[in-house]
Amino acid sequence: QVQLVESGGDSVRTGDSVRLSCRASGSMFSVKTIVWYRQAPGKQRELVAGIISGGSTNYAASVKGRATISRDDARNTVYLQIVSLKPEDTGIYYCSQKGDSRDPNDYWGQGTQVTVSS
């Protein structure tokens, strides 16, 4: 059973930055795709950024240019840094390890809260 634990959420001001961590248990982390999502109050969960094996990344338009997703496979950890935070970045941030041919299940963490006040 894979477990994901997010950390790094905080209450910050507009213009600040935050660095979130997602640490996964389980094996073969380096070949897994990890995706960060967020859910704002009253809204649906949305994709923020993703990273595949080898390091290729993609970002939602809302964070492109402000967010950086990276991975440290030796630590089974993926990071998400967002700078120039805006109030609309507020939400619970979740990471997910996506299923593949070896294990078709998606796994989710419990989330970490980011609150951006103006």
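First, a definition: a disulfide here is a pair of cysteine sulfur atoms within 2.5 Å. The model is a predicted one, so to speak of local features we need pLDDT of at least 70, side-chain atom pairs count only at pLDDT 80 or more, and totals for chains, interfaces and linings use all residues. Residues are numbered from 1 along each chain as its sequence is written, and side-chain values use heavy atoms, with hydrogens and water left out.

How many disulfides does that rule give? The count is 1. Cys22 is joined to Cys95, with the sulfurs 2.1 Å apart. Which hand does this disulfide have? The torsion about the S-S bond of Cys22 and Cys95 is about 75°, so the disulfide is right-handed. The pair ties together distant parts of the chain: Cys22 lies in strand β3 (residues 18-24), Cys95 in strand β9 (residues 91-97), and 73 residues separate them. Strands, by the way, are DSSP runs of E, at least two residues, numbered from the N terminus; helices are runs of H or I, at least four.

Buried or exposed? Buried means under 20% relative accessible area, exposed over 50%, and partly exposed in between, using a 1.4 Å probe and protein chains only. Cys22 is buried, at 0% relative accessible area. Cys95 is buried too, at 0%.

Next, charges. Side chains of opposite charge can pair when their charged atoms come close. I call it a salt bridge when a side-chain nitrogen of Lys or Arg is within 4 Å of a carboxyl oxygen of Asp or Glu. The whole structure has 8 salt bridges.

Start with Asp100. Its salt bridge with Lys32 has the closest N and O atoms 3.0 Å apart. This pair, too, links distant parts of the chain: Asp100 is in the loop between β9 and β10 (107-108), Lys32 in the loop between β3 and β4 (34-39), 68 residues apart. Asp100 is partly exposed, at 22% relative accessible area. Lys32 is buried, at 5%.

Asp100 also meets Arg102 in a salt bridge, N to O 3.8 Å. Arg102 counts as exposed, with 52% relative accessibility.

Then there is Lys98 with Asp106, a salt bridge at 3.4 Å, N to O. Lys98 is buried, at 17% relative accessible area. Asp106 is partly exposed, at 40%.

And there is a network. Salt bridges link Arg38, Glu46, Arg66 and Asp89.

Leu47 sits in strand β5 (residues 46-51). Its relative accessible area is 35%, so Leu47 is partly exposed. What does Leu47 contact, beyond its neighbours within four places in sequence? With contact meaning heavy atoms within 4.5 Å, the list is Val35, Trp36, Tyr37, Asn58 and Ala60. As for Ser62, its C-alpha is 9.9 Å from that of Leu47, and the two are 15 residues apart in sequence.

Now the strands. Two strands pair if DSSP finds at least two bridges between them. Take strand β11 (residues 112-117), where the side chains alternate. Thr112, Val114 and Val116 point to one face and are buried.

What runs alongside β11? Strand β2 (residues 11-13) runs parallel to β11, joined by 3 bridges. Val12 has Val116 in β11 as its bridge partner. β9 runs antiparallel to β11, also joined by 3 bridges. There, Ile92 stands opposite Gln113 in β11.

Last, an open sheet. Its 4 strands come in the order β1-β3-β8-β7, with antiparallel pairing. Why does one side of β1 and of β7 lack a neighbour in the sheet? β1 (4-7) and β7 (67-72) stand at the edges with a single partner strand each, so one side of each is left without a neighbour. On average, neighbouring strands of this sheet are turned by 15° against each other, direction ignored. For that angle, axes are lines fitted to C-alpha atoms, for helices over the stretch in contact, and angles run from 0 to 180 degrees between N-to-C directions.

Inside this sheet, β3 and strand β8 (residues 77-82) run antiparallel, joined by 6 bridges. Arg19 has Gln81 in β8 as its bridge partner. That's the tour.
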